[in-house]
Amino acid sequence: MTNQNHFTLAFPLKSPADAKALAEELPPLMPGLFKAEDAIGTIHYSRFTVLSDKTLLFLGDFDGDFGPLIADLARQAGPVFDAVLQHVNNPPPTPVANNADAFAEWAAAHLLHAVNLYTAYPGATAKDIKALAAAAGVGGNGVLNPFLVILPTKSKLAFIEVQLILRARGHGTTTDLDKVGTPHFAQFVPLEDDQIGFFTVYDGDFDKYISDFTKNIGPVFDLLFKFTKGAPPSPCRKHLQEFIDFATGANLKPIGFYQAYPGLSVQDIHALIADSKSQSGPNQSSASAA
């Protein structure tokens with residue numbers, strides 16, 4: 001069984017002007033990146049976002065190990081990273097496509113490591129899901145969105161405390177997100193300036209997602225908000241509009257949202273996997289659907 005993973009890659013930018021330039025330069029390059037990601041075949045979702053005047057983030061949910069993936073991206077989407085690295089402090093050598101190993105080594109040193117990882121369909125690779133959908137003649141009719149929320153903690157001590165809480169609640173958070181039923185992947189990631197990023201890909205309407213979210217995982221955020229600057233009132237479920245307003249204000253704009261199987265909801269994917277298992281029978285392995 002192939003493991004699903006997440007990466008948050010931080011590019012340290014030279015100046016605020018570079019952050020602004022990238023917000024303008026990256027969108028036209030996204031079709032080339034998406035084509036490369038389709039060809040590689042192991043990425044479920046990806047997106048860039050400008051975290052601050054000093055940092056660009058590249059996030060992805062993928063199958064396997066980071067090293068081979070980022071080397072493949074370097075070789076097949078080199079011009080995208082060449083454009084980014086023009087604005088980066090102490091970049092690796094370019095062109096990236098001709099220096100894939102050096103880029104992979106640099107990228108590994110600039111990874112931000114998630115406190116915990118959630119997936120709605122563990123063990124199912126991007127290739128599995130695409131193959132199941134093609135075999136069943138199922139097309140995605142849903143709308144998926146990335147959610148890139150930044151929680152600024154009150155102090156360095158609060159920043160550490162939040163990470164300890166999240167690590168301790170690992171399995172409980174997974175159970176809570178399963179109950180929501182619309183997140184595909186989710187991560188809490190420690191960021192610069194004592195901030196915590198909560199990054200998800202989810203199905204449907206934002207307000208409904210937040211409403212369902214507060215019912216099932218609200219208590220986690222009630223706890224985190226004790227350590228968060230400018231937090232909305234608690235409990236979240238009793239102050240839904242305030243939570244929606246806070247989440248809207250703390251949500252970063254994605255640049256280039258890649259989907260390996262566009263429009264397929266969590267429930268669509270669960271149904272495809274269940275059908276595959278029922279067809280394979282009790283005596284056959286269903287670890288791989290493809």
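**Close-up views of the predicted model**

**View 1. Asp212 in helix H9.** Asp212 lies in helix H9, which covers residues 206–224; helices are DSSP runs of H or I with at least four residues and strands are runs of E with at least two, both numbered from the N terminus. This is a predicted model, in which local features need pLDDT of at least 70 and side-chain atom pairs count only at pLDDT 80 or more, whereas totals for chains, interfaces and linings use all residues. Residues are numbered from 1 along each chain as its sequence is written, and side-chain values use heavy atoms, with hydrogens and water left out. Asp212 has 14% relative accessibility and therefore counts as buried (under 20% relative accessible area; exposed is over 50% and partly exposed is in between, with a 1.4 Å probe and protein chains only). Between the C-alpha atoms of Asp212 and Gln187 the separation is 18 Å, the two residues being 25 apart along the chain.

**View 2. Thr49 and its surroundings.** Thr49 belongs to strand S2, residues 43–52. Its relative accessibility is 0%, so Thr49 is classed as buried. The side chain of Thr49 comes to 2.8 Å from the backbone oxygen of Lys253, a polar contact being a pair of N or O atoms within 3.5 Å; within protein, one must be able to donate a hydrogen and the other to accept it, and residues adjacent in sequence count only if both atoms are side-chain atoms. Leaving aside residues up to four places away in sequence, Thr49 is in contact with Leu56, Leu57, Leu59, Leu148, Leu252, Lys253 and Pro254 (contact: heavy atoms within 4.5 Å).

**View 3. Helix H4.** Helix H4 spans residues 78–85 and is mostly covered, with six of its eight residues buried. The buried residues of H4 are Gly78, Val80, Phe81, Ala83, Val84 and Leu85.

**View 4. The whole protein as context for the close-ups.** Eleven helices and nine strands are present in the protein. Its C-alpha atoms fill a box of roughly 55 × 55 × 30 Å along the principal axes. Of the 290 residues, 52% are buried. Where contacts join residues at least 6 apart in sequence, 76% of them link residues at least 24 apart.
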